Amino acid sequence: MAITVRALESTDGMKVLAIYAEAIKSTDATFETNVPTWREWDRAHLPAHRLIAVDADPKKVLGWSALSKFSERREYAGVVECHTFVRADARRKGVGTALLSGLIAATEAQGLWTLEANIFPENAPAVALHEKLGFRVVGRRERIGRHRGRWRDVLLLERRSPVIT
């Protein structure tokens with residue numbers, strides 16, 4: 001599969017939300033239980049570095065990556081939380097690697113020094129993807145939130161840029 005990563009365009013919004021809806025239906029992708037409106041999604045994610053992956057058909061979105069703010073404090077201006085979601089029929093084909101690699105390159109070019117991800121421990125493919133690209137587990141947040149009626153743990157992963165010093 002030839003994967004192209006490009007900037008998300010406004011016309012991609014409904015496809016991004018469809019991929020997110022698919023992830024929400026699964027049990028181990030996100031705490032979210034309702035698909036946001038495009039306006040809500042847009043507000044929750046930083047405007048820079050919104051990426052999508054496509055294959056030979058540029059209208060078929062295979063996955064997306066975006067960032068959210070870690071903190072309002074200026075001391076943490078180089079720390080962001082990253083989110084990557086891949087369509088079920090496109091998993092294990094390099095889409096997540098392409099998206100996360102693109103996100104890493106874009107954030108380092110901007111001078112961001114830490115990418116953070118919060119992942120359910122049961123989501124082994126997501127943990128493996130992040131570790132493959134230089135993230136490391138820095139902690140486990142036990143019973144951090146309730147998801148579909150039960151307490152869930154979350155692994156905190158981070159990637160410190162070797163380029164930004």
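Helix 3 and helix 4 are oblique to each other, a class left over once angles under 35 degrees are counted as roughly parallel, over 145 as roughly antiparallel and 65 to 115 as roughly perpendicular. In this predicted model, local features need pLDDT of at least 70 and side-chain atom pairs count only at pLDDT 80 or more, whereas totals for chains, interfaces and linings use all residues. Residues are numbered from 1 along each chain as its sequence is written, and side-chain values use heavy atoms, with hydrogens and water left out.

The two helices, residues 95–110 for helix 3 and 124–132 for helix 4, pack at an angle of about 45° with their axes 10 Å apart. Axes here are lines fitted to C-alpha atoms, for helices over the stretch in contact, and angles run from 0 to 180 degrees between N-to-C directions. Helices (H or I, at least four residues) and strands (E, at least two) are DSSP runs numbered from the N terminus. The crossing of helix 3 and helix 4 is right-handed, that is, the near helix is turned clockwise from the far one by less than a right angle. Gly96, Thr97 and Leu100 of helix 3 meet Leu129, His130 and Lys132 of helix 4, where contact means heavy atoms within 4.5 Å. These residues divide into 2 nonpolar, 3 polar and 1 charged; Ala, Val, Leu, Ile, Met, Phe, Trp, Tyr, Cys and Pro count as nonpolar, Asp, Glu, Lys and Arg as charged, and the others, Gly among them, as polar.

Turning to the sheet, 7 strands form an open arrangement in the order 1-2-3-4-5-7-6, with mixed pairing. Strand 1 (4–7) and strand 6 (136–147) are at the edges with a single partner strand each, so one side of each has no neighbour in the sheet. On average, neighbouring strands are turned by 25° against each other, direction ignored. Two strands are taken to pair if DSSP finds at least two bridges between them.

Helix 1 (residues 13–25) lies across strand 2, strand 3 and strand 4, at about 85° to strand 3. Strand 3 (residues 61–69) is in turn joined to strand 4 by 7 bridges, again antiparallel, and serine 65 stands opposite threonine 84.

Strand 4 (residues 79–86) is mostly covered, as 8 of its 8 residues are buried, meaning under 20% relative accessible area with a 1.4 Å probe and protein chains only. Val79, Glu81, His83 and Phe85 point one way from this strand, and Val80, Cys82, Thr84 and Val86 the other way. Between strand 4 and strand 5 (residues 114–119) there are 3 bridges, and here the strands run parallel; glutamate 81 faces glutamate 116 across this pair.

Strand 5 also holds alanine 117, which is buried with a relative accessible area of 2%. Leaving out residues up to four places away in sequence, alanine 117 touches Cys82, His130, Phe135, Leu155, Leu156 and Leu157.

Terms used: Buried means under 20% relative accessible area, exposed over 50%, partly exposed in between (1.4 Å probe, protein chains only).
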